[in-house]
Amino acid sequence: GRARVSDEAVLDSFEYSILSPEGLLRRYLQASQLAVKIGSMLFVHGAVDIHNAGFVPGLGRRCGDVDEWVTKLNQFAADQVSDFCSAVDAGSPGAGAPQTTR
């Protein structure tokens, strides 16, 4: 039969994946982009509609064109991931690292 994996083993694996500098999920997030424009095609994580087109959190205005939006959206995401990783690496509780009850 199949080996049983405990909830604690799953949690340990997830924490390593995101909290360790060598973790697969962390490296994936560091390499990822929220939006990519190839020619006239826009690929995004999620949908684009009149409510979110051109919006970047914290920017204070909507971007005027798609190229600017893609650049600023991806920079926002990269900054958020970098801040998270820095907080985790510094051991700052609550500043990015998930809190566990173990």
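**Secondary structure, burial and salt bridges in the predicted model**

Strand β1 (residues 35-38) and strand β2 (residues 41-44) run antiparallel and are joined by 4 bridges. Helices (H or I, at least four residues) and strands (E, at least two) are DSSP runs, numbered from the N terminus, and two strands are taken to pair if DSSP finds at least two bridges between them. The structure is a predicted model, in which local features need pLDDT of at least 70 and side-chain atom pairs count only at pLDDT 80 or more, whereas totals for chains, interfaces and linings use all residues. Residues are numbered from 1 along each chain as its sequence is written, and side-chain values use heavy atoms, with hydrogens and water left out.

Within the strand pair, V36 has F43 of β2 as its bridge partner. The two strands, β1 and β2, form a hairpin with 2 residues between them. In the turn, G39 has a positive phi of about 60°. In a regular strand, side chains alternate between the two faces of the sheet.

Helix α1 (residues 7-19) contains 13 residues, which at 1.5 Å a residue should span 18 Å; the end C-alpha atoms are 18 Å apart, in agreement with that value. The expected span is defined as 1.5 Å times one less than the number of residues in the helix. Residues E15, S17 and I18 of α1 are buried, where buried means under 20% relative accessible area, exposed over 50%, and partly exposed in between (1.4 Å probe, protein chains only). Seen down the axis of α1, its buried residues fall within an arc of 160°, so they line one face of the helix; the arc is that of the directions from the helix axis to the C-beta atoms. The elements covering the buried residues of α1 include α2 (24-31) and α3 (66-90), contact being defined as heavy atoms within 4.5 Å.

A salt bridge was assigned where a side-chain nitrogen of Lys or Arg lies within 4 Å of a carboxyl oxygen of Asp or Glu. By this rule, the count comes to 3 salt bridges. R26 pairs with D89, the closest N and O atoms being 3.0 Å apart. Because R26 lies in helix α2 and D89 in helix α3, this pair ties together parts that are 63 residues apart in sequence. R26 counts as buried, at 2% relative accessibility.

A salt bridge also links D67 and K37, with the closest N and O atoms 3.1 Å apart. D67 lies in helix α3 and K37 in strand β1, so the pair ties together parts that are 30 residues apart in sequence. D67 is partly exposed, with a relative accessible area of 44%, and K37 is likewise partly exposed, with a relative accessible area of 34%. R61 and E68 meet through their side chains in a salt bridge (2.6 Å, N to O). Both residues count as partly exposed, R61 at 42% relative accessibility and E68 at 22%.

The structure holds 0 disulfides, a disulfide being a pair of cysteine sulfur atoms within 2.5 Å. C63 counts as buried at 10% relative accessibility, as does C85 at 7%.

A further relation across the sequence involves A78, which is found in helix α3 and counts as partly exposed at 41% relative accessibility. A78 and S32 are 46 residues apart in sequence, and their C-alpha atoms are 8.1 Å apart in space.
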